[in-house]
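Here is a structure to read through by asking, at each step, what a term rests on. The questions follow the model shown below.

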Amino acid sequence: MELLTAIFFDFILAFCVAFCWGILFGTPVKALLMAGLLGGLGHGIRFILLHSDFGLISATLIASVTIGLLGIYAAHKVHNPPVVITMPACITMIPGLYAYRSMLAGIKLSDQAILEKDPNIIPSIAHNAVLTFSLLFTLAVGISISALLFRNKSVKQIRFDKSRLLAKGK
Amino acid sequence: MMENKDKAQKKIKANEVAEFILDAGVFLMASGAHSGRVWRNCKRMADHWGYHMNFNPTFTGIMVSVWDDKNSENAVTRYKTAPQNSVHLETLTQISHLSWEIADGKTDYDDACRKLEAIKNKARYPFWLVALAVGISCGCLCTLAGGSPVDAALAFCGAAAGSAARHFILKKQFNQFLSFIIASAITTLIAGTDTVFALGKAPEMTLATSVLYLIPGVPLINSVIDLLEGYFSASIARSLFAASIVSCIAVGMTLSIMLLGINYF
């Protein structure tokens with residue numbers, strides 16, 4: 001029960017983040033809700049995966065790919081390109097903390113006294129920078145999943161109606 | 001009937017087509033579309049008007065060639081510099097819709113020009129709403145990262161104040177990198193009080209999450225998408241742009257951290 005509450009709390013917070021991030025990026029009003037829902041869902045999935053001992057990077061990859069795939073469907077619902085929705089949704093998982101840590105360690109590196117006291121800052125910079133870039137890369141893969149899977153095809157041309165699938169089957 | 005219609009559309013000169021494509025493409029690029037999207041949108045319009053096209057997108061501008069298969073005289077190559085980058089995803093929606101309207105033959109050239117002009121002048125969200133939204137999202141991110149309500153409140157104040165300050169700096173037409181430095185300095189100054197006076201439980205999270213609204217997420221992610229799709233020059237330009245913004249944020253944070261006393265952090 002406690003875990004469920006935590007997941008729900010995570011979902012609500014991530015919903016707010018994605019919704020507000022949509023306003024910052026100028027997402028159209030009718031797509032904002034969808035962006036919020038996808039963001040909340042993606043972050044919730046990542047939360048669950050992290051709790052079941054997935055690595056941070058693989059959890060983020062799965063979450064962002066889920067957002068990217070659901071975004072194609074959501075884009076059809078609100079008649080917007082998928083990027084408009086998936087971009088704010090994926091930004092909820094932006095690795096700000098790791099970027100900040102590598103930057104702060106970088107500032108400290110300029111002071112010799114601090115460096116001599118704690119030489120661990122150099123590996124800490126490397127670790128955090130690598131984490132930041134890997135997480136960014138996974139987010140980009142999630143957003144561009146439609147371009148990767150359906151090469152050179154506009155998302156608008158992907159159809160969901162069953163009639164066409166059946167026709168193909170025949 | 002169909003042939004007549006096609007003939008009537010053939011009359012549009014290559015130069016006009018190129019101009020329209022450049023106008024739309026450059027604006028898309030500055031609003032945060034990746035090169036593949038710009039290509040698809042432009043190609044759709046050129047195809048309808050009966051022209052072949054090819055283009056070289058760089059982040060700072062687009063070079064486009066438009067030519068008619070049947071008339072080798074009717075060809076043109078032009079370049080246009082992109083306006084200043086400012087992310088606005090609604091533009092992507094609207095230009096995409098416009099390009100579909102053109103491709104379906106619902107809009108003729110003059111109408112399309114008028115519609116593009118209207119899209120360019122479309123109002124954005126008011127700055128106070130953006131500042132509020134930015135504050136809320138940074139507060140929520142702070143809570144997500146494990147901050148207490150006090151941390152979140154400080155992140156909210158810092159982010160909202162910084163976002164509003166950035167709006168006014170940009171309004172005065174200062175260099176945009178300067179706006180990033182000042183905004184991140186203001187945000188860090190406010191968020192840093194958490195660390196200095198030990199107000200919340202996780203002051204590190206306040207600092208780390210309150211400047212996230214400045215992170216150039218769209219250029220960063222677009223640069224990776226461009227890389228995956230093979231637009232290398234655009235990808236490099238975008239990542240350079242994003243990297244310089246990130247370093248500007250770092251400079252602003254460093255200024256404030258030095259001002260507040262580096263030993264606290």
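Q: In this predicted model, how many residues of chain B are in contact with chain A, and what makes a pair count as a contact?
A: In the model, 42 residues of chain B are in contact with 35 residues of chain A; a pair counts because the C-beta atoms, placed from the backbone, lie within 7 Å.

Q: Which elements of chain B give two or more residues to the side that touches chain A?
A: They are α3 (35-48), α4 (89-103), α6 (127-144), α9 (203-210), α10 (217-229) and α11 (232-260) of chain B, and the largest share, ten residues, comes from α6(B).

Q: How do the residues of the side of chain B that touches chain A divide into nonpolar, polar and charged?
A: That side has 28 nonpolar, nine polar and five charged residues.

Q: What makes A:Cys20 stand out in the largest nonpolar core?
A: Among the 123 residues of that core, A:Cys20 is one of those that touch the most other members, together with A:Met87, B:Ile21 and B:Val134. Leaving aside neighbours within four places in sequence, A:Cys20 is in contact with B:Ala133, B:Val134, B:Ile136 and B:Ser137.

Q: Which domains does the assignment give for chain B, and how many residues does each bring to their contact?
A: The assignment gives domain 1 (2-120) and domain 2 (127-264), and the contact takes eleven residues from domain 1 and 13 residues from domain 2 of chain B.

Key:
Residues numbered from 1 in each chain as written. Chains lettered and ligands numbered in written order. Predicted model: local features only at pLDDT ≥ 70, side-chain atom pairs only at ≥ 80, totals over all residues. Contact = placed C-beta atoms within 7 Å. Helix = DSSP H or I, 4+ residues; strand = E, 2+ residues; numbered from the N terminus. Nonpolar A, V, L, I, M, F, W, Y, C, P; charged D, E, K, R; others polar. Domains from an automatic or database assignment. Core = buried A, V, L, I, M, F, W, Y, C linked by C-beta atoms within 7 Å. Buried ≥ 20, exposed ≤ 12 C-beta atoms within 10 Å, placed from the backbone.
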